[in-house]
Number of protein chains: 2
Amino acid sequence: MPKIMMNSIENFEQHVNAAFVAKAEALKPELIRKTIRPLRTVRLAEDRGLYQAEVQEDIRQEADGTLSLKPRLRKGNSVIYDFGDHCVGYVTLKLSSAGSPPDAPAYFRLKFGEMPYEIGLDSESYDGSISSSWIQEEVLHVDVLPAEVHLPRRYAFRYMEVLVKDTSPKYDLVIEDVSCETVTSADRDRLLPLPEGTDPALVLLDKVGVKTLEDCMQDVFEDGPKRDRRLWIGDLRLQAQVNYLTFRNYDLVKRCLYLFAGLLQNEDHVGACLFTEPKLQIDDTSMYDYGLFFTSILLDYYEASKDLGTLKELAPVAYHQEELGLEQTDEDGVYLNDGRNWCFIDWNHELDKQASGQGVLIYTLKQAKKIAEILGDREKAEELAGSIEKCTEGAIRKLWDPEKRFFVSGPTKQISYASQIWMILAGAVEQETAKDILLRLLRDGNEYTMITPYIHHHFVAALIQSGLKAEALSYMKAYWGQMIADGADTYFEAYDPKNRSVSPYGSLIINSFCHAWSCGPAYFIRKYYI
Amino acid sequence: MPKIMMNSIENFEQHVNAAFVAKAEALKPELIRKTIRPLRTVRLAEDRGLYQAEVQEDIRQEADGTLSLKPRLRKGNSVIYDFGDHCVGYVTLKLSSAGSPPDAPAYFRLKFGEMPYEIGLDSESYDGSISSSWIQEEVLHVDVLPAEVHLPRRYAFRYMEVLVKDTSPKYDLVIEDVSCETVTSADRDRLLPLPEGTDPALVLLDKVGVKTLEDCMQDVFEDGPKRDRRLWIGDLRLQAQVNYLTFRNYDLVKRCLYLFAGLLQNEDHVGACLFTEPKLQIDDTSMYDYGLFFTSILLDYYEASKDLGTLKELAPVAYHQEELGLEQTDEDGVYLNDGRNWCFIDWNHELDKQASGQGVLIYTLKQAKKIAEILGDREKAEELAGSIEKCTEGAIRKLWDPEKRFFVSGPTKQISYASQIWMILAGAVEQETAKDILLRLLRDGNEYTMITPYIHHHFVAALIQSGLKAEALSYMKAYWGQMIADGADTYFEAYDPKNRSVSPYGSLIINSFCHAWSCGPAYFIRKYYI
């Protein structure tokens, strides 16, 4: 999830509920570890302006565990390993030398890429909007050879380049072995299989989504294992949905819910993002839509797990988020979008977020009402019903353009995908109207384009909810399917099939190519298409 | 010591004497550790084309151990710490952050410099003849802050730069503490003090020499703690001489003697250089003069320690080196210098080494004879006396030019400092002749200049031996004293007062500024001037 343009709260406070945090910590998962080795080496080639990996040499693993290829490198030489699939974990290199005894340190650079682009692009040239420290690159000196080098940092990658910057004229560096100990809290033994005979196109779309989720499931649900490696609530909501139909790790969702509920911001607002290291700590970023999604995640969790105790204990936190959301509406219950905090929706800086924010508010108010009903809290349910009615009526009055038959947003009456999507998901219009809106969008497009798979996900959800299941499927196949055709082992943070080098941050080198909010196809397929 | 242009032995063998190696290993020293912290920060300024350090801010160490300065750095910011003196050891950084919780790794570069030049010069621009892997620079990513970063490699430095390559717009990197755990096997408690009232100029010359030796005394006598960090026999000889008059660590010399005697090369030749990691291993570099110096070191060791057992046990190894040396002479006992192995003498590639190699042979033959006499081995002593006579007469006949009254070397009859120095040290001419040669050299100079303090050392030794004690002292004051005036905390590997940026390898950035073969002033002062 995002990292820039977000409001940091002034005079930031963290309100800790120690009991909640303790519950979360008790649910800390044991990570599942597996050692894997590269399958081949590759060389980079350019195709339509982007680097692609071409097979150079296959690598066998011999009976004694050694690799059939042991590259011997001198100054300026490099090798690119291909591990065959996306990995998240800790890399070990076994190095030796050939020639005279090494009379100078071995000095080499490692570059890790989820995609070949990250190997091909020059890190030094990056001048984007977020920190270059996310570029997965290390420069190492090894004083004594042979050596087993255990890299202490976790990397997300499929490709790993070793470039020798120097040895000495007297010896070459030999890479005896490379391995990655992958980590995840997703248990493949619990993964629900797809039925026999499922359409292979769906099997593939599902597989990549499942892999994306798997690699983002760590100590918490991370947004992306390359970047930012943190628990973001927007990602969590979609991850949890896929998780219920795949790995079914209910405890990990429960843990994340208790973390967000146990580490609140000023006004007891649920934060957007949470750090687990060096200590549990809510970030000082406050987001309108993300705070409200706590309610969604809680209800989804209950519906998947039937864990009534958690629902009961955390419902007050959810209700409070709705109250905070309503505080940012006008006398007609319409979202002010006055910059008090940031409404994300999508990585489109031109987007006016009023209507989509309103949609998220109504959407989550309805979920809060459902929670109240489940818990038998009639008073709360009625109160919420009142808010839903007010907000919906207000939205129709102020944000619906009956001539254009589109929702409009903000002072410029902007018409965007996002506004339609969220007002439809909020159920603010009848299904026939929703269908009409979406078909016109599909037919005519819209200048306020959808940037991230996150908003594409909600577009698919809106199509399905509006009875356009076939359109949703072909849309999903076209968008996520093209991502796979473009080389995705896991779904990307940002993707535009018309502009394959799109980045919200200025360069592909910094993009996350395994990003939680993109894993939705596995959810849609398993829920609606099998 | 050197690293290039050296012959590597073909079909290299290592002849191990396990008993000798075991004796050496039993003498492995316990390193003395001391934690030190920077005294100030500095900025770089240029003076006569070289970077100099100017004080920026003093740093106090508070009563609670914290530093009075805690630099707060963002992208592009840097700080240069000055530890106040040369250090060899392991660095720890205590880092924290200021601002929002760190939402991206801290990404920074560390540069270590014995001299400010190494901080100022761009590492990437280095294109010299030896490995750039010796440049003391690291690039680090720290994922979680606060953090205590223990750098695993040993550095030799006084200056340490921290340059922040990136954090994120949300936080700054704070350096809470920096420290270095220095290591040495030199025990300051055993250091012989200079007499009260010693000339302050000599006190200073001695102090820098002692510090140079101290920082090179590790697990073995190293040539330089920055580079190559190894046991070289040419350095060992001079280090041992200073050691006997300062730290008096006889065991460390004994250890090195047994290592060289226990790990012989083809033909049981003593190697030039020895690795202690990953395992004890003689290098495949074979050097004519260095092999012969085993004899010198053994005799010097006996004379300082009176350890007759070691002398007796290792004498055969020394005698054998002399035999191997003699094998490379012609029928008149004159060194062939036919490239069978390499005669070092000095880092002057124009230098013809025949006469100086001949000098080293006679010099060490005389020491071997002395060993035989001490051990009462009359037969060996007589045999060696015969060789000495033959080699000396041969040298006078073939290498002495009675008209020019200089020793000449090789087919071009080259006249150099080095040839005169070593033939004089060999005692091949009477003192009056030696004096005449040296005074003419002092007066007229010579085109084959002396490059390293190693050959300057032998020039001083030749002056003293020839009764030119005052000239030796003023030469020493001029050469090593100017090095101190130019900022030396320890004596350099290479130095030319007329060309301060001299490097045998193409750039000052790779030079070693604390180099064992330069520590001689402490020996000369303590032996001849107090």
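**View 1. The loop that holds K413(B).** K413(B) sits in the loop between β17 (406-407) and α10 (417-425) of chain B. The helices named in these legends are DSSP runs of H or I with at least four residues, and the strands are runs of E with at least two, numbered from the N terminus. The model is predicted: local features need pLDDT of at least 70 and side-chain atom pairs count only at pLDDT 80 or more, while totals for chains, interfaces and linings use all residues. Residues are numbered from 1 along each chain as its sequence is written, and chains are lettered from A and ligands numbered from 1 in the order in which they are written. K413(B) is not a glycine, yet its phi is positive, at about 55 degrees. K413(B) counts as partly exposed, with 15 C-beta neighbours inside 10 Å. (A residue is buried if 20 or more other C-beta atoms lie within 10 Å of its own, exposed if 12 or fewer, and partly exposed in between; C-beta atoms are placed from the backbone.)

**View 2. The loop between α3 and β12 of chain B, with D228(B) and R229(B)**. D228(B) belongs to the loop between α3 and β12 (231-232) of chain B. The peptide bond that joins R227(B) and D228(B) is cis, with omega about 5 degrees. R229(B) lies in the loop between α3 and β12 too. Phi of R229(B) is positive, near 65 degrees, in a residue other than glycine. R229(B) is buried, because 25 other C-beta atoms lie within 10 Å.

View 3. P146(B) is part of the loop between β8 and β9 (147-150) of chain B.

**View 4. Helix α14 of chain B and what covers it**. Helix α14 spans residues 521-528 of chain B; 6 of its 8 residues are buried, so the helix is largely enclosed by the rest of the structure. The buried residues are P521(B), A522(B), Y523(B), F524(B), I525(B) and R526(B). Their cover includes α3 (200-216), α4 (233-245), α12 (453-465) and α13 (469-485) of chain B.

**View 5. The packing of α3(B) against α14(B)**. The two helices pack at an angle of about 130 degrees, and their axes are 7 Å apart. This makes α3(B) oblique to α14(B). (Angles under 35 degrees count as roughly parallel, over 145 as roughly antiparallel, 65 to 115 as roughly perpendicular and the rest as oblique; they run from 0 to 180 degrees between N-to-C directions, and axes are lines fitted to C-alpha atoms, for helices over the stretch in contact.) The crossing of α3(B) with α14(B) is left-handed, meaning that the near helix is turned anticlockwise from the far one by less than a right angle (right-handed if clockwise). On the α3(B) side, the contact (C-beta atoms, placed from the backbone, within 7 Å) is made by L202(B), L205(B), D206(B), G209(B), V210(B) and L213(B). On the α14(B) side stand P521(B), A522(B), I525(B) and R526(B). By class, the contact of α3(B) with α14(B) has 7 nonpolar, 1 polar and 2 charged residues. (Ala, Val, Leu, Ile, Met, Phe, Trp, Tyr, Cys and Pro are nonpolar; Asp, Glu, Lys and Arg are charged; the others, Gly among them, are polar.)

**View 6. Helices α8 and α10 of chain A**. Helix α8 (residues 354-374) and helix α10 (residues 417-425) of chain A pack at about 15 degrees, with axes 7 Å apart. This makes α8(A) roughly parallel to α10(A). Their crossing is left-handed. From α8(A), the contact takes A355(A), S356(A), Q358(A), G359(A), V360(A) and Y363(A). From α10(A), it takes A418(A), S419(A), W422(A), M423(A) and L425(A). The contact of α8(A) with α10(A) has 7 nonpolar, 4 polar and no charged residues.

**View 7. Helices α6 and α8 of chain A**. The axes of α6 (residues 288-305) and α8(A) come within 9 Å and cross at roughly 35 degrees. The crossing of α6(A) with α8(A) is left-handed. Residues of α6(A) in the contact include Y288(A), L292(A), T295(A), L299(A) and Y302(A). Among those of α8(A) are V360(A), L361(A), T364(A), A368(A) and I371(A). The residues of the contact of α6(A) with α8(A) divide into 11 nonpolar, 5 polar and 2 charged.

**View 8. The contact of chain B with chain A**. It takes 35 residues from chain B and 34 residues from chain A. On the side of chain B that touches chain A, β7 (106-113), β8 (137-142) and β10 (155-166) each supply at least two residues. That side has 15 nonpolar, 9 polar and 11 charged residues.

Terms used:
Two residues are in contact if their C-beta atoms, placed from the backbone, lie within 7 Å.
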